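Subject: Structure handover

Hello,

Here is the structure I promised. Please open it and keep it beside this message while you read.

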Amino acid sequence: MCDDQGVHTSPPPAPERLPLRRPPSGQRIAGVCLGLAAHLDIDVRHVRLGMIVAALAGGLGFVLYAFLWITVPRGDPWYEGAYHAGSARAAPPLAAPHTPSGPNMAAHPVFATPWWSRIPLRDLAVGAMLVTTAVLLVADRLGAQLQWTLVLSVIVVVIGLVLAWGQLNESQRGTFAATVGGRSPSSLMRVTGGIALVVLGVILILSQEQGPQMLVPALVSAVAVLVGAGLVLAPWWLRLARQLTEERASNARAKERADIAAHLHDSVLQTLALIQRSADQPGEITRLARNQERELRQWLYQETPKEGTSTQEAARDIIATVENDMTAALGGQHPVTIDLVVVGDTPPDPTTHAVLQALAEASKNAVRHGKPPVSVYLEITDTAIDASVTDRGPGFRLDDVPNDRFGVRESIIGRIERRGGIARYRSLAAGGTELRLTVPRTLGATHSPASAQSEKS
Amino acid sequence: MTTPIRIAIIDDHAMFRAGVRASLPDTLHVIGEAGDVDTAVQILHDTPPDVVLLDVHMPGGGGGGGAEVLTRCADLHNRVKFLALSVSDAAEDVVAVIRAGARGYVTKNINPTELSDAVARVHDGDAVFSPRLAGFVLDAFGTATTDLATADDELDRLSAREQEVMRLIARGYAYKEVASELFISVKTVESHVSAVLRKLQLSSRHELTRWAAARRLL
């Protein structure tokens, strides 16, 4: 367990300007205007208006928009501004003039990434496009007969490619969970649209020479080739997808295992150490073991309801506390185990609180005066709460308890009777004592607030 | 009990097997041991014992643990009785093996006398319920009076008597104490408990399924 990430936790200085990114949501076309607005910290409507005006004025807006679309990476400017400003600033520039063969380069995170991700694809594409445009314009100016239909077809193909490859680029970046793995509907639409555009462009190029009567056969054969290629490649693609899923699952398993290892180290080994130290105290060992079991079970099954929503949980807590307290009270020499069975559940209310307090008091008495096993039973129905505390002691008669002894009379019987319930002690034929309490639940709801107050004291 | 009961211990912890073997009285004769699902299924088919002490969590096979052994030994169920053993009283551990055909279950911290009693009871065809399992049954079948079965053969409900018996067991009463509390014989208590076990195994009651599903048991 190395946890040295938490060392450099000085908060990164707030960036004076958000990074230029195309946000993943809220955009009209590709998020260029939205990202620009966030970067320049001005109203997005102004940016859009300016862009439209520029587009109408001789197409400058179109070029600018396309340029930014290609060059600005997708990302959430607010998120990255808040969390990655510090690290982004500290990172060395990507185009650092080092040769990757340097001795300490492999360890550097930038050079640890695969080689192809270091090729500035975007820059290359933009450069190639600009150069091509310039060459075309110069050729046109020089009087060459350019076939503009051909140029348009090529542009269609290029846009299709950008659409499809942009998807790949994003899944590599893995910024957004939805686009990872390329399963989101929008990424599917991008790929489909990209392919359609490329097919269309290729057909347009090919049908330059032949007339439009060749268009339909060309379209049919192109689609046929695509379908055939798809059928051939489908198994391979499926296998890739499956491998990816498996790898993810094994990653999740490894993480879970690490969690368990950390937990075992933190709590179970601690408990084992404590148990070894208290080898001469059988009661203490039982207490430690039972606490650890409770904790481990809770942790493994993760079924703990929210605090204050479950009487079952409250009962378990209170009985665990009694076990712990009584072990300490008996000097750690005697194992204290109380078997608790709860049937039904309800959100805690004053009535359940009173019953649990009475049960806790009664089980303390049972541990102190009776013999194990001590059993606590709690049944919660819509109409009543029925509970019992049973031990195997010599038996017990309420009449034998002097009147000045407050425990049983006040904190058990009194508490229950104030709630309109009945609490009775009796001796079992086979030996042992049983306290049974029954409290009606409808009465608890309409109980006078005065006695509810006295209950909390 | 003139002829000893032949038992098999199926548990992946060799230490636990040795401990049980050492603590058992002469009336119980251990004829087989296994530490994983596949070995268990094989030795049980090779030499079927009278009673199997079956751990709930075990490696091997399809990963189903004790419940898997029970389903793969379904052909032996009329000859061999299964008593499930679990490290704790948790519903998660136990209801699956009961549904798969175990005749009862005990926790591993049970003392040797109680264990041999439980084995003898299971061998006689009776069921062994702990307080916690009785609590589960009450929880799953419902405790309201409207849930009571009018005829005893209704699978989805407990009869009034069965509910009373379950409640007393859940309170921590031994079978003998239940019998004297209800003024019936121990044999009657046992038959009630067996009936409840049958209902627990066969019932398709919606609440039971939902209850088990909520705890990821089915």
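Before the details, some ground rules. This is a predicted model: local features need pLDDT of at least 70, side-chain atom pairs count only at pLDDT 80 or more, and totals for chains, interfaces and linings use all residues. Residues are numbered from 1 along each chain as its sequence is written, chains are lettered from A and ligands numbered from 1 in the order in which they are written, and side-chain values use heavy atoms, leaving out hydrogens and water.

Chain A overall

Chain A has 16 helices and five strands (DSSP runs numbered from the N terminus: helices are H or I, at least four residues; strands are E, at least two). Of its 457 residues, 30% are buried (under 20% relative accessible area; exposed is over 50%, partly exposed in between).

Helix 1

Helix 1 of chain A spans residues 32-40. Seven of its nine residues are buried, so the rest of the structure largely encloses it. Among the buried ones are Val32(A), Cys33(A) and Leu34(A). Asp41(A) follows this helix, with a positive phi near 60°.

Helix 10

Leu240(A) sits in helix 10 (residues 215-277) of chain A. Leu240(A) is partly exposed, at 37% relative accessible area.

Cores

The largest nonpolar core has 57 residues (a core is a set of buried Ala, Val, Leu, Ile, Met, Phe, Trp, Tyr and Cys residues joined through side-chain atoms within 4.5 Å). Leu44(B), Phe82(B), Phe129(B) and Met166(B) touch the most other members. Helix 6 (residues 131-141) of chain B gives the largest share, seven residues. Apart from this core lies another, of 33 residues, including Ile318(A) and Leu435(A).

Leu44(B) touches Ile10(B), Val52(B) and Phe82(B), among others, not counting residues up to four places away in sequence (contact means heavy atoms within 4.5 Å).

A loop in chain B

Gly62(B) lies in the loop between strand 3 (51-55) and helix 3 (65-72) of chain B. Is Gly62(B) buried or exposed? Gly62(B) counts as exposed, at 69% relative accessibility. Its C-alpha atom is 8.3 Å from that of Val37(B), 25 residues apart along the chain.

Best wishes

Terms used. Buried < 20%, exposed > 50% of the residue type's maximum accessible area, 1.4 Å probe, protein only.
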